[in-house]
Amino acid sequence: MKADPKGVLTGEHYLDGDHACAEGGLAAGCRFFAGYPITPSTEVAERIAERFPMVGGIFIQMEDELASMCALIGASWAGAKSMSVTSGPGFSLMMENLGLAAMMETPCVLVNVQRGGPSTGLPTLPGQADMMQARWGSHGDYEIIAISPSSPQECFDFVIDAFNLSEQWRVPVLVMTDECVGHMTEKVVIPPAYEIEVVPRRYTTLPPSEYLPYRPDPDMVPQMIKAGDGYRIHTTGLTHDERGYPVMSAECQEQLVRRLVEKIRLHADQIIRFEEDEIEDADVVVVSYGISSRVAVRAIALARKEGIKVGHLRLIVVWPFPEKRIHELAKKIKAFVVVEINYGQMVYEVERCAHGQAEAILVPHGGGWVHDPADILEKIKEAAR
Amino acid sequence: MSNGKPSEEHHPMEALLRMDRIPHIWCSTCGLGTSVSAFALALEDLQYDLDKICIVSGIGCTGRVAGYVKLDSFHATHGRAIPFATGLKLANPQLKVVVFSGDGDLIAIGGNHFIHAARRNMDLTVICVNNFIYAMTGGQVAPTSPLGASCSTTPYGNYERPFNIPHLAESCGAVYVARWTALHLRRTAKSIAEAMRKPGFSVVEIICPCSTLYARRNRLGDGLELMKFYHENSIIKHGADPRDVDIDFQSPIVVGKFVDRDRPTFIDGYNRAMTAKLGEKFEPYGVAPAEVHDG
Ligand SMILES: Cc1ncc(C[n+]2csc(CCOP(=O)(O)OP(=O)(O)O)c2C)c(N)n1
Ligand code: SF4
Ligand SMILES: [Mg+2]
């Protein structure tokens, strides 16, 4: 399906990452937005508030992030593509209902413009320390998809991808950007609507008498309905069977949780995306994502100049994690150097997936700014030794 | 539900219930059954297309209502029924959205959503079953527990002043506020129907003491004795000033319709403001196609 031209601002623009996220949502067909202001994400909400009245969307500034996340789920069940945006403290508040979205298998998109933490931290400065929270932040077992843009153009493109992934797999999808990308202004090319691919909702074609809201298709994803269509479904955050009815048993739990997890894990190859550069002869591979990948590129160029065989693996989809690829590379190289603005998050995934066959070295950063390429270079040298 | 004894009475409103989920989990003497019957009667009276009505509950004994009613029904997280319902309503304004939940869910953990939905005049009908307690979790004190009432976390009696729900709703902007007890089946049904007809944020409080936990703990007798107490101590006072309808421990309870007024709903306000500001560029939101093409 192609995008609805109504929301697509075709042309060349100079936009910051936050505004580009908003345009990505509009182009993907997002027509419901609920949010609560928080730096450095607020510009997304502001642009949506300005643009929605002209495209038939509805924006609401909720009383808090708990309400925002819950409203997204309700709106999605009423048939809207729904989106919110937040940062650190608001992300924490959304966690319980992010789990509800995963449990009810509700498509929706949440952008986290990461800032320095913990707690109120550095409201106006970048961080990448919510990456594990993105994966594990809500209680219980579930899988999630997260994607990490490194430029305003990617903010636009990846928000569309996020909507498409969320419709296809019926999971909330997180767009994990950061203050740097959110506030940097660059050229953003918005293509015409007919060039933008939009994944439609997986509405059932079955009549109400035959439809079960949680009976999975062969790819483990159930078909959806929207409220008001006469299906009179029930959906709950309690453990439920294919009818959507609560069942308090270990058997039902096993069946449901396994499907929620496996619908993503068994299709990870279709979901995962990354970019590689100069990997062929590499002894060392730098792993990075988001803004850090742009700094890493500089450090890699410096290292290559010094004759070090170093390559780059840039994560695009960060969750699910490219487990297989890391393992393959680990067999061939000496070490990974992981560049992220935190004191160790994705580096543990790299370490886990390397299975002891290559070292995983972190270039830590507490947040507030991006790495100095010299610090990365130093770790690359250490790794190559 | 804590005694786990399902009630097995045959329900007259089978069309509205998920019979494949009956018997329900509620105690046989609980007023929740009556509350659901009142809702069913209201729907019968309204004759709305049931396919266009959604029900949203939070978590609790009352929170289980959504699971038994054969409508598009949503069982959200504790306290979040109102924002969930807000999303449903705003994404498809043609839907009638009813929130059916407990006092703890709506007024404690969800209190912030309650006051803001009232302020915005979100077009929702909230049916709040006030059983003076957190029943699902075993009878802890709630922000509605009367002063002096014994609860599992106030073993020496509650010493916090409770909320007066009609007053809270009225002062935050609700356009329709009524209170009945589980004894007043027909009157509750009538109020629910009126509330659902009313555009905007409407609240029907149903006083429905938890017979198992609250009544037992406070030695108020069995279900029948509770009913007798309500019968003898309910004072019907339509139009009573909501400030005067506080509930004290075992005091008489003022019931009736307290508020019925008109204010623009959230969507009305939005459409008016945007039309004034943006003119032709703005297409009114959520107006039924028929309304658009009329005249
Ligand atoms: C976030 C969260 N906190 C606590 C609980 C536990 N809990 C479940 S129901 C409930 C209270 C319900 O009280 P009320 O809304 O009055 O419903 P009732 O059972 O009395 O009908 C609590 C505290 C929960 N489910 N979620
Ligand atoms: S509210 Fe009390 S009486 Fe009603 S089902 Fe729950 S525990 Fe039983
Ligand atoms: Mg209660």
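Predicted model: local features only at pLDDT ≥ 70, side-chain atom pairs only at ≥ 80, totals over all residues.

User: Great. How many residues of chain B are in contact with chain A?
Analyst: On the chain B side there are 43, and they are in contact with 44 residues of chain A.

User: And how much area do the two chains bury between them?
Analyst: About 3,400 Å², with 59% of it on carbon and sulfur atoms. In chain B, the residues that lose the most area to chain A are B:Asp72, B:His75 and B:Phe84. Together those three make up 16% of what the chain B side buries.

User: Which parts of chain B supply that side?
Analyst: Elements that each give at least two residues are α2 (65–68), β2 (72–75), α3 (81–91), α5 (111–120) and α10 (266–278) of chain B. The largest share is from α3(B), with 7 residues. By type, the side of chain B that touches chain A has 20 nonpolar, 11 polar and 12 charged residues.

User: With those charged ones, how many salt bridges are there between chain B and chain A?
Analyst: The count is 2. Over all chains, the structure holds 40. One between the two chains pairs A:Arg232 with B:Asp51, the closest N and O atoms being 2.9 Å apart. A:Arg232 sits in the loop between β9 (185–190) and β10 of chain A, while B:Asp51 is in the loop between α1 (32–46) and β1 (53–57) of chain B, so this pair joins two chains.

User: What about polar contacts across the interface?
Analyst: There the rule finds 21 residue pairs, both residues being at pLDDT 80 or more.

User: Do tell me about strands too: is the pairing of β10 of chain A with β2(B) parallel or antiparallel?
Analyst: Parallel, over 3 bridges, with β10 covering residues 234–236 of chain A. In one of the bridges, A:His234 has B:Ser73 of β2(B) as its partner.

User: Where do B:Asp103 and B:Ile133 lie in the chain?
Analyst: B:Asp103 is in helix α4 (residues 103–109) of chain B, and B:Ile133 is in the loop between β4 (125–130) and α6 (165–172) of chain B. They are 30 residues apart, and the pair links distant parts of the chain.

Note on methods:
Residues numbered from 1 in each chain as written. Chains lettered and ligands numbered in written order. Heavy atoms only, no water. Contact = heavy atoms within 4.5 Å. Buried area = accessible area lost by both parts, 1.4 Å probe. Salt bridge = Lys/Arg side-chain N within 4 Å of Asp/Glu carboxyl O. Polar contact = N/O pair within 3.5 Å; in protein donor to acceptor, adjacent residues only side chain to side chain. Helix = DSSP H or I, 4+ residues; strand = E, 2+ residues; numbered from the N terminus. Nonpolar A, V, L, I, M, F, W, Y, C, P; charged D, E, K, R; others polar. Pairing = 2+ DSSP bridges.
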